[in-house]
Amino acid sequence: MPGNEWEKIRHLLVVQDLQGQRTIPLQETTYSIGRDSRNAIVLRSRSVSRQHAILLRVTLPETDQYGFRIIDGNFKGKPSTNGLYVNGTKCVSHNLQHGDLIAFGNSQVQARYYAISHISEKAFSETGEFEDLSDFLLEQGNPANPFQTLIVDPNFEAASETALARLASFPELIPNPIIEMDLEGNITYLNPAAATKFPKIRDIGQIHPVLAGLLNAVQDRKINSFWREIKVDKEVFEQCVHYLAESDLIRTFIVRDITEQKQAEAELTQRDRLLQAVAEAANYLLVEMNYETGIDKALSVLSKAAKADRAYLFKNHLHPETGDMAFSLQFEWTRLNFPSSRHHWQNQLYQSAELTRWYATLAYGQSISGNISEFPPAEQELLARDGIQSLLLVPLRLEDEFWGFLGLADCSEPRQWSRHEESTLLTMAASISGAWQRQQVEEKIRFQALHDMLTGLPNRFLFNELLAKALPNAMRNNESLAVMFLDLDRFKVINDTLGHTLGDKLLQSVAQRLQESLREGDTVARWGGDEFTILLPRVNYLDEVDQVAQRMLQALENIFCLDGHELYVSASLGVALFDEHSRDPETLIQHADAALYYAKDAGRNNYQFYKTSLSARTPELLNLEKSLRSALEKQELTVYYQPRVNILTKEITGMEALVRWQHPEMGLVAPSVFIPLAEESGLIIPIGAWVLKEACRQNKAWQMAGLPPLTVAVNLSPKQFRQSTLVEDVAQILAETGLESHFLELEITESTAIADLEFTRTVLQNLEKMGVHLSIDDFGTGHSSLSRLQLLPLHNLKIDKSFIQELTTDVRVAHIVKAIVTLGRSLGLRLTAEGVEKQEELDFLQSIKCEDVQGYLFYKPLSVEKATQVLQSKLQLRESSLDVTKQS
């Protein structure tokens with residue numbers, strides 16, 4: 001056994017009570033002794049107090065050894081009932097020496113203390129098993145195994161007082177706060193560290209965060225010690241609580257300050273919350289059809305995650321009066337009960353004293369962050385209007401252009417914005433800039449779709465939309481409105497004689513004069529060619545309409561001087577009023593058109609109001625409608641097919657089915673004539689069903705003939721698309737013709753698609769489940785956006801030929817087409833350009849990665865026979881190429 005182990009002093013307490021004798025090795029620092037079962041050493045006798053004495057370990061001075069001191073009473077200083085006797089002498093406390101006999105009140109309960117050395121750890125641990133310790137000591141006294149009895153220094157009594165003082169001073173010196181409280185809530189002890197750290201704890205008492213809830217916690221818990229976290233002001237601590245049941249004391253120990261740890265955890269939680277908010281906000285910006293709604297939602301979710309009181313989006317612009325760089329608040333979010341500050345932030349000049357620093361910082365891509373108390377006085381005064389105490393601003397940039405800035409403000413308290421909050425706001429700024437760019441492109445496309453590209457006037461689609469909105473307002477306000485149809489007299493002569501360029505300039509000048517002749521709130525639109533429509537939305541007297549009509553005719557009387565030419569034009573006007581005979585947009589336009597032709601018949605350069613006598617349809621139209629009704633029965637309708645060609649491979653990728661009418665007397669009737677007539681009369685339903693079935697039958701016939709399989713596209717009219725049995729009808733036709741569904745492509749126009757977006761999505765989803773391919777035809781002529789169309793299960797997007805015709809002559813159109821192709825491809829759509837007639841158009845479309853084209857450059861619409869010949873020749877050419885390849 002090592003020497004130091006051999007010389008180690010072992011301490012024993014042999015206890016004798018009513019239940020017998022037992023030996024207790026003393027290895028702990030403190031023992032409570034009494035009859036209460038919660039004591040460390042329990043004495044079985046009614047003469048013993050609940051907590052009779054305390055046994056306290058004391059380090060011997062100038063040694064590394066220790067002894068034990070026994071103290072009468074409990075931890076609160078209350079003495080025992082029957083007293084404490086050591087070697088027959090009553091005492092309050094006593095430093096125990098080897099062999100001391102301790103009596104607890106009387107001789108019924110005694111204990112003898114031993115301090116021995118030169119005994120092994122094994123033997124020491126076995127002392128508790130001996131019934132008579134004196135026999136054990138005699139055995140250990142054998143010369144073969146001698147032991148030494150510890151002889152305590154006579155100065156131990158005095159030395160122990162010093163040791164006890166040192167032990168008592170331990171809580172006084174420890175830097176951790178220690179507080180004791182009894183079960184009545186009174187503070188019984190407070191070490192210096194606690195008094196320094198929590199100077200008001202004695203005054204506040206139980207409601208102080210360190211002590212709050214401890215009494216209930218101790219009573220509710222089955223264990224006597226536990227840990228908890230507490231917050232005192234802005235600091236967070238880890239607290240250890242011990243309930244000393246034998247003395248009815250609660251001792252609490254502040255283990256450590258975990259404020260920084262909690263701050264780090266809070267920052268990580270806040271970072272995760274901010275990242276989630278950025279993802280949610282970015283999703284709003286991407287899928288929300290309305291740009292402004294998307295921004296509002298994005299600002300809301302971000303501000304709530306950042307726990308800000310205000311959020312701003314400012315946009316740069318030129319000041320309306322000075323022309324200098326300024327900014328205005330475009331979007332704002334405020335927490336509940338915070339007033340709007342929009343009026344404070346309009347047309348703010350960057351060159352003003354309080355904003356010069358902002359421009360210099362933000363324009364160079366830097367952020368502005370901090371408490372406003374740190375800002376220059378001029379800025380503090382500006383921000384005080386909104387009660388802002390701290391501010392975070394980041395620039396909005398797009399392709400190195402500084403176009404605005406984004407901000408968060410706290411009006412409740414000063415705060416330092418974290419790096420996570422700043423990086424989150426910068427990420428949001430980038431997302432908003434991207435959304436703004438998409439919105440600009442979509443607005444440009446939408447403007448082009450709703451306006452005439454030559455004159456800048458609204459086109460017929462926008463005019464119809466404005467008219468549809470104006471009618472309910474007129475009924476609600478008990479007013480009337482007027483629709484005018486204007487046609488230039490002899491414009492065709494000028495256009496044919498002097499050329500289209502001069503004709504276009506004349507139309508632009510006419511459009512400007514017509515706009516100047518209108519009242520505020522009136523609208524003039526270019527209907528097409530040299531036709532214009534005018535909407536007067538608020539009419540209370542007929543004279544108002546007369547005055548506008550006369551002003552327009554008079555405006556055109558003055559000479560037009562264009563490119564050295566003096567031109568004279570006049571116009572004819574037809575007017576229809578909203579009344580019992582003209583109660584819907586379509587009827588109003590028809591009646592205004594009828595009145596226009598009446599004006600022309602009346603000698604031109606005048607205006608005429610619609611009369612019910614003008615509503616009789618011309619005999620020619622009546623005869624045409626009658627013939628159309630029997631055209632299907634007489635097999636006068638036929639289907640032509642126009643190939644769709646891949647730009648790169650020049651292979652035919654599909655056919656579009658186009659209906660034609662070969663009238664026995666009038667010859668080939670133009671689709672532009674009989675299709676509107678079929679729509680109006682309802683004949684478009686049976687005609688459309690016949691075309692669909694015929695196209696599917698022919699495609700299956702080509703496949704059966706061994707020709708390469710391809711897709712046939714069929715256009716559905718608006719009325720046909722809205723048939724409740726459409727999906728079932730398509731399924732039945734496919735079943736009857738035997739054509740597999742993926743070889744059929746159904747086209748609807750952009751206007752049809754957005755008329756009822758939810759209905760459209762339901763129908764298209766059902767068709768897609770069948771395997772049918774779906775396409776938007778004539779894209780660009782309506783007023784939808786790709787962000788709206790992406791909600792539909794589409795496969796193909798066909799760019800209207802009106803864009804292709806101006807592709808090489810108008811750079812604006814080229815940009816629009818490129819934007820459509822780019823956005824379409826990003827949505828996974830296949831792009832087809834219609835009406836391609838020139839090589840330059842094809843080259844441009846190829847450069848922007850448009851996949852397919854249709855047009856006269858490759859093929860015009862072909863009869864079944866000619867289409868079959870084309871497909872056969874393509875097949876033969878391919879087979880020949882394969883043979884050559886094999887031979888080589």
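Predicted model: local features only at pLDDT ≥ 70, side-chain atom pairs only at ≥ 80, totals over all residues.
Residues are numbered from 1 along each chain as its sequence is written, and side-chain values use heavy atoms, without hydrogens and water. Local features need pLDDT of at least 70 and side-chain atom pairs 80 or more, while totals for chains, interfaces and linings use all residues.

Select Y641, V730, L744, L746, V817 and L845. In the largest nonpolar core, which has 83 residues, these touch the most other members. A nonpolar core is a set of buried Ala, Val, Leu, Ile, Met, Phe, Trp, Tyr and Cys residues joined through side-chain atoms within 4.5 Å. Buried means under 20% relative accessible area, with a 1.4 Å probe and protein chains only.

Next, select A482, L506, L562 and L567. They are among the 34 residues of a second, separate core.

Now turn to the rings. Rings of Phe, Tyr and Trp (its six-membered ring) pair if their centres lie within 6.5 Å; planes over 60 degrees apart count as edge-to-face. The model has 21 aromatic pairs by this rule.

Select F327 and F405. Their ring centres are 5.0 Å apart and their planes at 75°, so this pair is edge-to-face. F327 is in strand β19 and F405 in strand β23, 78 residues apart; strands are DSSP runs of E, at least two residues, numbered from the N terminus. F327 is buried, at 0% relative accessibility, and F405 is buried at 0% too.

Terms used. Buried < 20%, exposed > 50% of the residue type's maximum accessible area, 1.4 Å probe, protein only. Phe/Tyr/Trp six-rings, centres within 6.5 Å; stacked < 30°, edge-to-face > 60°. Helix = DSSP H or I, 4+ residues; strand = E, 2+ residues; numbered from the N terminus.
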